[in-house]
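Please read the following report alongside the sequence and the three-dimensional view.

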Amino acid sequence: MTATAFGALAIILIGALLRHLGLLEREHGPALVRIVLYATLPALVFLITARAELEGALLLVPVAGYAIYGILLAATWIAARLAGASRALSGAWILAVSVGNTGFFGLPLIAAAGDGVSVPAAVMYDTLVTGVITFTATPAIAATLGAGSAAGLNWTQMLRTLSTMPPNWALIAGFGVNFAGVETLPELVETPLEILAAGTLPLVMIYAGMMLGTRPLGRLWIAVGAGAVVRLAVAGAIGYGVATALGLESDVRATVTLMAAMPTAMMSLVWGAEFRTRADFIAGMVLVTTLISTITLPLLRGLIL
């Protein structure tokens, strides 16, 4: 994972350089996201689930994910209250710390990491935990604690979006192929999917480099530093503890731990800005945790394997 993480960091810096040179603009970001969301990531999820050697422990991965989220959610809320943070900052703290970037960062990183991790477990964690939270609990918290109007929270639309997300359909299709006992996909199908899937990590990292900002945060840097410690270290410890308590072992436990310690989810910034929490704090968390995670994740992997 060390080589993969540093490779990801290099691509992030390339994305930042391309933006600095004016070859890419922030406005290009949504196009990259659509390519990943509708093409490369579904291909990756489908291939992983279609080829996976399914085991019972995978059924406990979503249980672990929700337990980890619940612990982080409660802890960050209590910490924000004790610190006397404003509602907007409390909301931003909860959004930035409680949810990691398991899809656009974690899944492709785990898929490229080699031995010692379970890619199917990573898929289960992202699609059945983070994906659901991103379109339910995250906007609800942002709407409740932000200065924006909760009237804009359209639950019907959010649930419809969640049900039509391409990676979710790829997950279902992949498991369908797996359960049907298809051992080898036709080459005309498998080869294009492999080419598409391989593009997920570089496209996501270029996007991350494009979107990272360095606007001054003043005193918020202290809060960002504290939040980064929780998101990248404490969350990993919680993940390991929860996975162990549930009896998960070996590569599945390692994957749950690593997914718990991923950097701040970029969608948290989207929802935080939409409902006017302290989006500047979340942006700082995205920047700091994404960059530092290229060092902390390999270190964490070395500790648990």
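The largest share of the lining of the second largest pocket, four residues, is contributed by α2; helices here are DSSP runs (H or I, at least four residues), numbered from the N terminus. The model is predicted, with local features requiring pLDDT of at least 70 and side-chain atom pairs pLDDT 80 or more, while totals for chains, interfaces and linings use all residues. Residues are numbered from 1 along each chain as its sequence is written, and side-chain values use heavy atoms, leaving out hydrogens and water.

A pocket is an open set of points on a 1 Å grid over the protein atoms alone, where a 1.4 Å probe fits, with protein on both sides within 12 Å along at least five of seven lines, and lining residues have an atom within 4 Å of a point. The second largest pocket holds about 260 Å³ of space, the volume being that filled by probe spheres set on the points. Its lining comprises 16 residues, with I48, R51, A111, V119 and P120 nearest the centre.

| Element | Residues |
|---|---|
| α2 | 29–51 |
| α5 | 102–111 |
| α6 | 119–134 |
| α10 | 187–198 |

T255, found in helix α13 (residues 250–260), counts as buried at 1% relative accessibility. Leaving aside residues up to four places away in sequence, T255 touches V117, S118, A121 and A122, contact meaning heavy atoms within 4.5 Å. A polar atom of the T255 side chain lies 2.7 Å from the backbone nitrogen of S118.

Conventions
Helix = DSSP H or I, 4+ residues; strand = E, 2+ residues; numbered from the N terminus. Buried < 20%, exposed > 50% of the residue type's maximum accessible area, 1.4 Å probe, protein only. Polar contact = N/O pair within 3.5 Å; in protein donor to acceptor, adjacent residues only side chain to side chain.
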